[in-house]
Amino acid sequence: MNNRRAALWMIGAIFSFTSMAIAGRAISGQLDTFEIMFYRSIMGFLIVLGVAKSVGTLGEIDLKYFRLHLLRNIFHFIGQNLWFFALPLIPLAQLFALEFTSPIWVLLLGPLILGESLTLRKLAIAALGFIGVLIVAQPEIGAVNIGILAAGSAAIGFAGAAILTRKLTEQNSLTKILFFLTGLQILFGLLCAGYDGDIALPQLATVPWLIVIGATGLAAHFCMTKSLSLAPASLVMPVDFARLPLIAVIGVVFYEESLDLYLVLGAVLILVANYLNLKRQA
């Protein structure tokens, strides 16, 4: 029963991540990434405060482990900004495929941050994943695709955030983690968007998309956390792999994006590497 409920929560996360990508693509030409993060975080912060007040968990928020929250959110802010930057530059399927390398970076960075061992099996899994990345990216000698570089770097930011979130969940409630996630990124967004003294106000038509981005960003984190609390990662995370073919279909149908054999082959290798990593953890 728990496994079924966990799968349903993960489907909610898939829907949330996909909706955020569509909304982000819709406003990418009207606001820069820092402005998107600033307004998204305001929306998310208001939602967190409202829900926490209604369920009586505001008292869980304190300044213990603040430095860890700060470092975690620096990683997440960098990763999310790079993700939004890459969003209009490369096909959605390519963006999501590169985002799926984040667990492979967790595997490699874990020994540096968490003191985990780095075995030959881990290195082999990482090598398989990065072969998939090269196939997806299709790099040309002497040419630089800034969108692919941004998407690949975003995965590293998400990996750092995931590792530090793992440490935070040992001593912090979900309310506290989401409070600092949104609150600190309001500050980061304000500083980065306003460094030139010019923060664009959202147009009336943009506001609904910002609400969607703020709500779905929070919902994705919440759904994934609930799913992992009900069943092991090795059971529920493969459900998340459905996000890649789903966004590929959306890209082809609604954005006239191409879906070539190299992208499919590389994405399959990345997902296989992730699956082997999950089996190793199990």
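Contact here means heavy atoms within 4.5 Å. Helices (H or I, at least four residues) are DSSP runs, numbered from the N terminus. This is a predicted model, in which local features need pLDDT of at least 70 and side-chain atom pairs count only at pLDDT 80 or more, while totals for chains, interfaces and linings use all residues. Residues are numbered from 1 along each chain as its sequence is written, and side-chain values use heavy atoms, with hydrogens and water left out.

Two packed helices are described by the angle between their axes and the distance between the axes. Axes are lines fitted to C-alpha atoms, for helices over the stretch in contact, and angles run from 0 to 180 degrees between N-to-C directions. Angles under 35 degrees count as roughly parallel, over 145 as roughly antiparallel, 65 to 115 as roughly perpendicular and the rest as oblique. A crossing is left-handed if the near helix is turned anticlockwise from the far one by less than a right angle, and right-handed if clockwise.

Begin with α8 and α9. Their axes come within 12 Å and cross at roughly 155°, so the two helices are roughly antiparallel to each other. The crossing of α8 and α9 is right-handed. On the α8 side the contact uses Leu-174, Leu-178, Leu-181 and Thr-182, which meet Leu-218, His-221, Phe-222 and Thr-225 of α9. By class, this contact of α8 with α9 has five nonpolar, three polar and no charged residues. In this scheme Ala, Val, Leu, Ile, Met, Phe, Trp, Tyr, Cys and Pro count as nonpolar, Asp, Glu, Lys and Arg as charged, and the others, Gly among them, as polar.

Helix α9 (residues 207-230) also packs on helix α2 (residues 33-55), with axes that come within 8 Å and cross at roughly 60°. That angle makes α2 oblique to α9. The crossing of α2 and α9 is right-handed. Among the residues that meet are Tyr-39, Met-43 and Gly-44 in α2 and Ile-211, Gly-214 and Leu-218 in α9.

Helix α8 (residues 174-193), in turn, packs against helix α3 (residues 66-86) at an angle of about 60°, with the axes 9 Å apart. α3 and α8 are therefore oblique to each other. α3 passes α8 in a right-handed crossing. The contact includes His-76 and Phe-77 of α3 and Leu-181 and Gln-185 of α8. Its residues divide into 10 nonpolar, five polar and two charged.

On a 1 Å grid over the protein atoms alone, a cavity is a set of points where a 1.4 Å probe fits but cannot get out, and a pocket is an open set with protein on both sides within 12 Å along at least five of seven lines; lining residues have an atom within 4 Å of a point.

The largest cavity has a volume of about 80 Å³. Its lining includes Gly-44, His-76, Leu-181, Gln-185, Gly-214, Leu-218 and His-221. α2, α8 and α9 each supply at least two residues of this lining. By class, the lining has three nonpolar, eight polar and one charged residues.

The largest pocket holds about 1200 Å³ of space. Of the 40 residues that line the pocket, Phe-158, Ala-162, Met-224, Leu-228 and Met-237 lie nearest its centre. The largest share of the pocket lining, seven residues, comes from α9.

Notes. Grid points are joined across faces, edges and corners, and a volume is the space filled by probe spheres set on the points.
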